[in-house]
Amino acid sequence: MADTNPSQTHASGPQTTGHVWDGDLQEYNNPLPAWWTWTFYATIVFALVYWVVYPSWPVGKGFLPGIGKISYVNAEGEVESWHWNTRAKLLNEMQAAADAQKPYFDRIADLSYDQIAHDPELNSFVVSAGKVLFADNCAACHQAGGQGKIGSYPNLADDDWLYGGTFEEINETLNKGRRGYMPGYAEALAANEIDALAHYVLSLSGDSVDAAKAAEGKALFHSHKAACYYCHGDDGKGRKDIGSANLTDQVWLWADVPGAADIGTRAARVRQVIAGGLSRGVMPAWEGRLSPEQIKVLTVYVHELGGGQ
Amino acid sequence: MFKNFKHEKIETNAGLLLVLTMLAVSVGGLVEIAPLFFIKDTMEKVDGVRPYTPLEQRGRDIYIREGCYTCHSQMIRPFRDEQLRYGHYSLAAESKYDHPFQWGSKRTGPDLARVGGKYSNEWHVQHMINPKSVVPESVMPNYPWLMETKLDISDVGDRMRALRRVGVPYSSNQEELDRNIERFGEDMARMLHIPDAQKNLVKQAQEGNYDGDRSSVSEMDALVAYLQMLGTLVDFSKIDPEELVKFR
């Protein structure tokens, strides 16, 4: 504890608290700096103004709403005004932004996809608005540039479209979502039969494979036992109404064939898909989550990524 | 009166300082807490909000166990940028069965209040095992053990009973079940019946096949089931935005 010096002021020094430590350590008792006290008073004045403008004190079963007003357009199209609150402010800001974008979205709603794509002004709107929409909603699966991911998510930046690449087909995919399915053949077919099929499937896209196995696989492909042709078509080019893959091109979604160095690994990866089947290729539906105009913007944006069809 | 007042008088009198401090603090308490006892509604009345099913509730437990809330909030604020990215702002009613709520206060990752239905189950599984495999720039850690760990369902009934004690309307007898059927519909009410908790949990996991493996119920099943229902209960197309404005 400090000793207390009865004589609180020195003859020539500033005022002290009168406490003395170790004989000569003392504590000044200066007033607070003027800038500090004035800032303090200013915060009190600020609070008073705030209470008047914004909702503040609780009164009875309600509260003082303040004199600040926010106006917005209600469901009947009339301008309505309500005391300041964040929800009213949001409504106001959303409506102001919608008004600013309205000329573009109105034209987008009226015009055909083709007209939008060929209108330079609208097209640049689609590219900038579509990029943001795509980043928020699509990029998690299809990646930032729409390049997709082999083994999980289709590449949107190429010219291969499982469910069709016309504007209308892309729009339907976006609105309704898609659910890819292929049965697994691990139980229905023997291991050597699956291997033969894998070789045939690889031969369809121009890989040099064991000819005997490919011939056996070809017979199986078109047989009732495996019935691959039923979904992938007699020519193996797939059917876009059910989203079955085109097996004759170089584009692979589920089996990472391009990433395999030798024919053995490539066949193994195709065998895995044939044996296990696919049941989890799900594209979520965006109807309801995004507005029809936003989906139209995304349709044109996605169409442009890979050139569409 | 204030002519001779010196702040020193308060500072050097412990009793007086204590009394005045309590007075100052109690103003804040009175202004913020007292009105809640008089205001009739602090929560919007919206349709669709229901308690979590046993599987979702266990998923929520895992969400809390793994500390997801340290990086993810579940609270969309009424700002334009948030509404555009995440969807409609969160309502109090949407977390009324949350104990504890998961609003969070820090976003290292995105808000999850309306993540339900935004991605496929497969995406969630892959993302949980290795987030960078789908989002290259992500800093989220890997959670591969969720897929390998079998979900402990032995105490799910007890967990629901505990929540019932704090006001979540899980039913434990016929009378409560009947009341829930009226409130949440037949199928959902049966899902929320405590005596059937384990059976219902396994059934939902099997039907939903959240982790892509039907052979057993993993922690991944529960977590994905929970994530896929977040923010999906209220149909905002049926709510006039003006009503929510005027509620404030």
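Guide: In what follows, helices (H or I, at least four residues) and strands (E, at least two) are DSSP runs, numbered from the N terminus. This is a predicted model, in which local features need pLDDT of at least 70 and side-chain atom pairs count only at pLDDT 80 or more, whereas totals for chains, interfaces and linings use all residues. Residues are numbered from 1 along each chain as its sequence is written, chains are lettered from A and ligands numbered from 1 in the order in which they are written, and side-chain values use heavy atoms, with hydrogens and water left out.

Visitor: Which residue follows helix 7 of chain B, and what is its phi?

Guide: Helix 7 of chain B covers residues 156-165. The residue that follows this helix is Gly167(B), and its phi is positive, near 110°.

Visitor: Within what arc do the buried residues of helix 7 of chain B fall?

Guide: The residues of this helix that count as buried (under 20% relative accessible area, with exposed over 50% and partly exposed in between; 1.4 Å probe, protein chains only) are Val156(B), Gly157(B), Met160(B) and Leu163(B). Seen down the axis of helix 7 of chain B, these buried residues line one face of the helix, because their arc (that of the directions from the helix axis to the C-beta atoms) is within 120°.

Visitor: Against which helices of chain B do those buried residues of helix 7 pack?

Guide: The buried face of helix 7 of chain B is made up of Val156(B), Gly157(B), Met160(B) and Leu163(B). In chain B these residues pack against helix 3 (54-65) and helix 10 (197-208).

Visitor: How many salt bridges are there between chain A and chain B?

Guide: A salt bridge here is a side-chain nitrogen of Lys or Arg within 4 Å of a carboxyl oxygen of Asp or Glu. One of those between the chains pairs Arg87(A) with Glu44(B) at 2.6 Å, N to O; Arg87(A) lies in helix 2 of chain A and Glu44(B) in the loop between helix 2 (14-33) and helix 3 of chain B, so the pair joins two chains. Arg85(B) and Asp136(A) also meet in a salt bridge, at 3.9 Å, N to O. The count between chain A and chain B is three.

Visitor: What is the relative accessible area of Glu175(B)?

Guide: Glu175(B) forms a salt bridge with Arg179(B) at 3.6 Å, N to O, and both lie in helix 8 (residues 174-184) of chain B, four residues apart, about one turn of the helix. Arg179(B) is partly exposed at 46%, whereas Glu175(B) is exposed, its relative accessible area being 57%.

Technical notes
Contact = heavy atoms within 4.5 Å.
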